[in-house]
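Welcome! Please take a moment with the sequence and the model below, and then we can walk through them together.

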Amino acid sequence: MNTQEAFQRGKDAALDALNTLGDQFDGKHINRRHQAMGGALTTLITAVYAMAPSEEAAEELISFSQKCALEDFLANPPHN
């Protein structure tokens with residue numbers, strides 16, 4: 001598996017997790033979606049810190065991921 005394939009598998013796994021959350025909040029407790037997303041994001045970031053060789057490496061990955069997320073969002077804005 002190359003870097004791009006690994007990146008895509010991570011994105012696919014995150015989308016699966018979001019689908020699971022969406023099923024749990026489908027029409028119910030809509031005002032708690034942000035807390036659920038916060039819990040999921042906190043868990044992923046905690047895993048990055050736990051698996052990284054250093055705090056600096058973890059923060060570089062988190063920063064890179066945040067940059068990618070913003071680029072994806074700006075390139076494909078949601079259709080409300």
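A patch here is made of residues with over 30% relative accessible area and no salt bridge, where like charges are joined within 9 Å and nonpolar side chains (Val, Leu, Ile, Met, Phe, Trp, Tyr) within 5 Å. A salt bridge is a side-chain nitrogen of Lys or Arg within 4 Å of a carboxyl oxygen of Asp or Glu. Accessible areas come from the Shrake-Rupley method with a 1.4 Å probe, and for residues only the protein chains shown count as cover.

## About the model

This is a predicted model, in which local features need pLDDT of at least 70 and side-chain atom pairs count only at pLDDT 80 or more, while totals for chains, interfaces and linings use all residues. Residues are numbered from 1 along each chain as its sequence is written, and side-chain values use heavy atoms, leaving out hydrogens and water.

## Overall build

Helices (H or I, at least four residues) and strands (E, at least two) are DSSP runs, numbered from the N terminus. The C-alpha trace spans about 40 × 25 × 25 Å along its principal axes.

Of the 80 residues in the protein, 8% are buried. Buried means under 20% relative accessible area, exposed over 50%, and partly exposed in between (1.4 Å probe, protein chains only). The accessible surface comes to about 6,900 Å², with 58% of it belonging to carbon and sulfur atoms.

## Leu21 in helix H1

Leu21 sits in helix H1 (residues 3–24), and it counts as buried because its relative accessibility is 18%. Setting aside neighbours within four places in sequence, Leu21 touches Ala36, Met37 and Ala40; contact means heavy atoms within 4.5 Å. Between the C-alpha atoms of Leu21 and Leu44, which are 23 residues apart along the chain, the separation is 15 Å.

## A nonpolar surface patch

Helix H1 also holds Phe7, which is partly exposed because its relative accessible area is 40%. Together with Leu61 and Phe64, Phe7 forms a nonpolar patch on the surface, and the three share about 280 Å² of accessible area.

## Charges

Glu55, Glu56, Glu59 and Glu60 form a negative surface patch. Glu56 belongs to helix H3 (residues 55–75) and counts as exposed because its relative accessibility is 57%.

For the protein as a whole, the mean positions of the 6 positive and 11 negative charges lie 10 Å apart. Lys and Arg count as positive and Asp and Glu as negative, with His and the chain ends not counted; each charge is placed at NZ of Lys, CZ of Arg, CG of Asp or CD of Glu.
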